Each structure stands twice: as C-alpha cells, then as structure tokens.
Amino acid sequence: MRLVHTIALAAAVSAILAGSAVAQESDAGKDWSTVKIGTEGAYPPFNFLDAGGNLKGFDVDIAQALCDHMKVKCTFVTQDWDGMIPALKNSNFDAIAASMSITPEREKQITFSNKYYQTPPAIAVPKDSDIKEATDTALKGKTIGAQVSTTHAQAAQALFPDADIKQYPTAEEYKLDIENGRLDAVMDDVVVLTEWVKSKEGACCKILGTLPADPKIYGKGVGIGLRQGDDKLKAMFNKAIVAIRQDGTYKKIQDKYFDFDVYGAEPTAQ
Amino acid sequence: MSGNHPFIAAPIAPRQPLKIAGLIAIGVWIAAAIAFAVYFTHVFDATLIERFGWSYLSGLWVTVSLVTVSFLCGAIVSLPVALGRMATNKLARGLAFAFVYFFRGTPLIAQIFLVYYGFGEFRGFFESIGLWWFFREAWYCGLFSLALNTAAYQAEILRGAIESVPKGQWEGGRSLGLSRTVIFFKIVIPQAMVVALRPYANEIILMIKASAIVAIITVYDLFGETRQAYSRTYDFQTYVWAALLYLALVEALRHLTNFAERRLTRHLRR
C-alpha cells in the first residue's frame, strides 16, 4: 500500500515537472501595466552603472522610451549575462534590454521583438601590436578575448579557428586582461570597443578593423528578448519601436550616445 | 553472580521498525529520484554528447590535473607551515599563523581574482624578475592560488595529525638513540598519515568542487566547458552532466580512500 502511495507521489511530482517544462502560457488575457526589464549593467555604452550606481546607456534609454510610448510603467533589474535567458524564462523579469542579438539558437528558448539596433563586430589590439589585419592567418596562434556566451565569442571561434579564444564573464574583464598584456586582441561590438579605446582605461589599445556580421551567427540585429507566448507584449514592443523611430525619439537617444546611425538597414521582410 | 551485574553493557536494542516520519522521508527521496530520472530521460539529447562530449572530457582532464598538481604543491608548502605552527620560535609561529589565517579567512574567489587580475597590474615587476611567463597563464594563476589555499588547510590537517601521535613515541625513539629527524620522518609521520588520511581525502573533495572557480579566469576546466556548452544550447542538462561527472570523481575518490585506509590500518585490525 505504501509503495503504491510512493509511486503515486513520484508520478505526481514528475507530472508537475514535465508540465512546467512544456507549459507555455499566452499573455492574451494579461494586463501589461507594469513591465520588469532585465539588463546587464556592464556593457558600456549600451548598458552600465554610473558612479552613483544608476543604470544608464542606450539599451536602458531605448527601453524607457518604448515603455513611455506603450504607457507602461517599467522597472529595471540587473542580471549577470550568463543567466539572462533562464531568468527571463523563470519570470524574474518580463523583457531583456541588454544588447542581445536575435540569433536562431536563442530563438529556440525565447522570442524577440524586431531589432532596435544593429552594429558590426570589431577587433581591437594593443597600440604596439604587430597584427596588421583581422584575418585567421594574421591571428594564428594569438590569444583573443571575448565575453562568454555572446555572438562575438561564437564568431571569433568561427572566424579565427587557429587563434586561442579566451572567454570572460563580463566585458570589463577582457578589457582588464588586454591592458595587462595577456591578450593579443579582443573582439566585441564596434561601438563598445570604440567607446573603450577613447576612454582613459582603453588608452592601451586601438581598433584594428570591423568585421562583416555573419547573419548565421549574428542573426537579425539586437532586439528586446521576451518569453515565448507573450505575443501581446511582443506586438506592443514592435509597435513602439516603429513609433519612436518615426517621432524622432530614437534619433534623439542615438545622438546622445553616437555620432552615426546604429539602426542599420531597414529590415527587409517582417 | 547474578545475571543483572551493573557493569555489563545493555544488549544492543533490536532495530526499530521505520516510523511514519522515516517512511515519508524515504518516500520523498524515492519520488525525487524517480522524478529526476523521468525528467532526465525526457530531456536527454544524444546529439549534445556528439557535440560536446570531447570538450567535457578535456574539461574533466583539466580539472583532474589542476587539482592533482595543486594538491601536491600544496602538500609540499604545507610541511614547513605546519612545522612553523608548532615551532617554539615566535617569528616562525607568527608567520605560519598569518599564512593560515589569511588563506583560510578569505574567499578563494577573491584570492584567484587577486592573483589573476591583481598581479597582472604589476606586469613590469614580474617581467623584471622573470616570472611573467608564469603569471601570464590563467592555468598557472589558478594552480598558484589553489596550491596556496590548500596549503593552509593541509598545514592544519598535518599539525593536528602530528600532535595526535602520543609523546611516548618521541620518547621511545629518543631512548633508542635516534635523531629527531629520523624519529619525525620514520616514526611520527607514518602514524600521523594514517590519522590524516580521511581529512586529506576531504580536502581533495573540497578542492575538486572549489576548482570550478577557475572557469571565471578563462580556464576551460569541467565547469568552464559546461558553461560553454550551456551558452550554446541554453539546455540545463549540460549542468546535470557536469554534476554527474563531479559526482563520479568524488565517488571514485571515496572508494580509493576506503581502499587506502583498509590497507594502511591492517596492523590495527584484530
């Protein structure tokens, strides 16, 4: 009798586990008056904490503008890059605004709004480096730093198979390590690297060049990450992106951070 | 002499049948095990083994070699530290105490960061003394921190074990005209090692798990490879695999210790 109970209990537990694994609620009936947004806070100039510990950056400003347009109250939380997608899926927050590229691998787990910017990757090297170009032959046997589980780390492995790719938890750490002379090059978004080499900390280094963004790795640009099933919220974000592009809010925010267009080409077919 | 002599120990109580709390506890564990097995077979994906199997094995090798080498280096460093802790000389005692105090009192992650990023700031100094090749490599930095950390713990294990050997052993040795060195290495240490065996095994187990920290300074140990695999798949079973491999490692070590103990204590068995 007890054995039967035990087995019944086990079955119930596994049913709950299996159920939670496949459950994918729709947000059709949900009232999105408040939205919690997750970001990293360690990826200047897109998202970072200023000296006072406040979240700043292009991602944050754009997300805030989208929320204002959607007439939704948004709160921001910081989350380590590594755990961003699991945290979204566990509903620790409802949207990711952290310069996350829309890639096929990520789209298996979550869904994305349309892109809100798209900039190419680049390589930076120490100023006295003997590396002349960003090719596999030039980088053979060299050590390249990138941030873990980013499209850039993945692209570095694909583009430079003869180089040694080291992966760091945040962008801050690979920057520290190229200053310390442990790295021959670093790979990241061109905007991130440009901002950095302009700053005091990045005085060690220069931009070697930008690289073409392979759509197989980089996908369709950077979007707002959302849970699968939250179609209503996705539609709200998509509408808001178009709206802030049209009413000039986007350009105003862009001009605050950059002196060039970060949106890239208009998406072809949606 | 009657049967109720006060000094005869009470017979061992017959084994009590399981009470309700015990049954529930066992039931919960069985249910959890079944639920886990069901979950794991449900999500199990053989193509992932094809994709990441080799990197897991190489990660396992890095973990095993790193822990082995740092444990041995730590053992060598721990001997003078343990002797310092027991010395009559105040300076030696103070230095040894400070060493143990620092490495046991601060988190390993802080020590590793200090060595990897902190020492990197003094690259010029390390180059001038010809040690930069060592501190340039993340693997050596991990080895250095782990070895010093475990040396502090091992010194305490060693000291406790040596002090557990009765004074009479020293006196007996001296009465035979043996020198202090001979008594120490041939009489005291062998007996102390039997006492220290279990704590040493414990220390290795703790190190195996603690060594996962080196993944954040770009060493691709078992945990580093796991993070890689997870970042490419967002599939939690990659972490389950790592857990099972760590478990297997610890289990193997446990059996090895049991075997060693049986063998080393043959003379004590009656």
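Q: At what angle do helix α2 and helix α10 of chain A pack, and how far apart are their axes?
A: Two packed helices are described by the angle between their axes and the distance between those axes. Here, helix α2 (residues 58–70) of chain A packs against helix α10 (residues 249–257) of chain A at an angle of about 165°, with the axes 10 Å apart. That makes α2(A) roughly antiparallel to α10(A) (under 35 degrees counts as roughly parallel, over 145 as roughly antiparallel, 65 to 115 as roughly perpendicular, and the rest as oblique). Axes are lines fitted to C-alpha atoms, for helices over the stretch in contact, and angles run from 0 to 180 degrees between N-to-C directions. Helices (H or I, at least four residues) and strands (E, at least two) are DSSP runs, numbered from the N terminus.

Q: What should I know about the model and its labels before going on?
A: This is a predicted model, in which local features need pLDDT of at least 70 and side-chain atom pairs count only at pLDDT 80 or more, while totals for chains, interfaces and linings use all residues. Residues are numbered from 1 along each chain as its sequence is written, and chains are lettered from A and ligands numbered from 1 in the order in which they are written.

Q: Which residues make the contact between α2(A) and α10(A)?
A: Phe58(A), Asp61(A), Ile62(A) and Ala65(A) come from α2(A), and Thr249(A), Ile253(A) and Tyr257(A) from α10(A) (contact means C-beta atoms, placed from the backbone, within 7 Å). As a helix has 3.6 residues a turn, residues three or four places apart point the same way. Five of the contact residues are nonpolar, one is polar and one charged (Ala, Val, Leu, Ile, Met, Phe, Trp, Tyr, Cys and Pro count as nonpolar, Asp, Glu, Lys and Arg as charged, and the others, Gly among them, as polar).

Q: How do α8(B) and α9(B) compare: at what angle do their axes cross?
A: Helix α8 (residues 167–175) and helix α9 (residues 180–210) of chain B cross at roughly 150°, their axes coming within 10 Å. These two helices are therefore roughly antiparallel. On the α8(B) side the contact uses Gln169(B), Trp170(B), Gly173(B) and Arg174(B); on the α9(B) side, Ile183(B), Ile187(B), Val188(B) and Gln191(B). That set divides into four nonpolar, three polar and one charged.

Q: Is helix α5 of chain A mostly covered or mostly exposed?
A: Burial is a neighbour count: a residue is buried with 20 or more other C-beta atoms within 10 Å of its own, exposed with 12 or fewer, and partly exposed in between, the C-beta atoms being placed from the backbone. Seven of the nine residues of α5(A) (residues 151–159) are buried, among them His152(A) and Leu159(A). The covering elements include β6 (95–101), β10 (164–168) and α8 (215–218) of chain A. Across the 270 residues of chain A, 43% count as buried.

Notes: Contact = placed C-beta atoms within 7 Å.
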